[in-house]
Amino acid sequence: MALTLYVDTDRWRAHQQAVIQQFPGIVPVCKGNGYGFGHQRLAEEVTRFGSDVLAVGTTYEAARTKDWFGGDLLVLTPYRRDEEPVPLPDRVIRSVSSVEGVGLMRGARVVIEVMSSMRRHGVTEADLSQLHAAIDEVRLEGFAIHLPLDRQDGTDAVDEVIGWMDRLRTARLPLDTMFVSHLSPEEFARLQQQFPQTRFRARVGTHLWLGDHAATEYRGAVLDVTRVSKGDRFGYRQQKAAGEGWLAVVAGGTSHGVGLEAPKALHGMSSRAKGVARASLATVNRNLSPFVWGGKQRWFAEPPHMQVSILFVPDDAPEPKVGEELVASLRHTTTTVDRTVDR
């Protein structure tokens, strides 16, 4: 019995096709844990719909994925002088984010990242005059800009890209291809219309694979159920049961990513108040699990174990049975499942 990711395959692929139509020349992204599906599965999907390039996060991911995908592999993490060398085929394209990096990649296929309002990495406007000689020594595949998701200052994403297009053009650098990210279909179309001589290629991961939430569902199987009365001690720490009910042992623990949560950016008083409430409950060992039973999200009876979670199900809910499955609200990018089932 397992923690399972169920995929409505037809619906999932229909969403993929809708996104592909919105972004001609799309560059699918497969990084991290493969958005919950794994690198091999996503490489197979990209092969199926016929993209010529697949973007991965690191050289280590490229080394694994090269056996599953026969097209070009774009490594998104920029090259660094002291990085560990990883044997890679010539069809791998490296990102670079500095003039020094371009100079060290002599003969390689490269994409040059420019510094966006993300302030993460990239060449600056002051660097452009030094790029002319450097790009003569590499096989330049284009420039790239990685944009923020939110713009609380009201600035426009298209204007930011246009600003860089103007800088590159003024510096007389080639504008044949520009890789972009985090643009809406409308913004992408505006850019292509304004610069018809440049091929814009959208790097898309989350929206491509996870944009239709109803196409996927996590479920954890019930492995054991034990009846408890108020005050009964249980578990590693021998805590007392909060009331009458059941302890349900469910597939899915910390090794799967259950109970792990990435930090969130909170906006507004409501989300901040909820965060304070969750933290206050945690101080008295009250932690809400991602598992749903009887129409409600259930509490962890104790912190999740490595491969299972123990939930407290009160006796006003239906009694769980061994073999039944509980729907789980899990983050795809931090979850590793035992199996994936297409249906």
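## Basis of the model

Residues are numbered from 1 along each chain as its sequence is written. Because the model is predicted, local features need pLDDT of at least 70 and side-chain atom pairs count only at pLDDT 80 or more, while totals for chains, interfaces and linings use all residues; side-chain values use heavy atoms, with hydrogens and water left out.

## Two domains

The protein is divided into domain 1 (8-211) and domain 2 (216-342), with bounds from an automatic or database domain assignment. Taken over C-alpha atoms, the centres of domain 1 and domain 2 are separated by 38 Å. Eight residues from domain 1 and nine residues from domain 2 take part in the contact, where contact means heavy atoms within 4.5 Å.

Between them, domain 1 and domain 2 bury about 760 Å², and 47% of this is on carbon and sulfur atoms. Buried area is the accessible area (1.4 Å probe) that two parts lose on being put together, summed over both.

## Helices α1 and α2

Helix α1 covers residues 9-22 and helix α2 covers residues 39-49. Helices are DSSP runs (H or I, at least four residues), numbered from the N terminus. The axes of α1 and α2 come within 12 Å and cross at roughly 60°, which means that α1 is oblique to α2. Axes are lines fitted to C-alpha atoms over the stretch in contact, and angles run from 0 to 180 degrees between N-to-C directions. Angles under 35 degrees count as roughly parallel, over 145 as roughly antiparallel, 65 to 115 as roughly perpendicular and the rest as oblique.

The crossing of α1 and α2 is right-handed, meaning that the near helix is turned clockwise from the far one by less than a right angle. In α1, T9, W12, R13, Q16, Q17 and I20 meet R41, L42, E45, R48 and F49 of α2.

## Helices α6 and α7

The axes of helix α6 (residues 157-170) and helix α7 (residues 185-194) come within 10 Å and cross at roughly 30°, so α6 is roughly parallel to α7. This crossing is also right-handed. From α6, A157, V158, V161 and I162 meet E187, R190, L191 and Q194 in α7.

Conventions. Helices (H or I, at least four residues) and strands (E, at least two) are DSSP runs, numbered from the N terminus.
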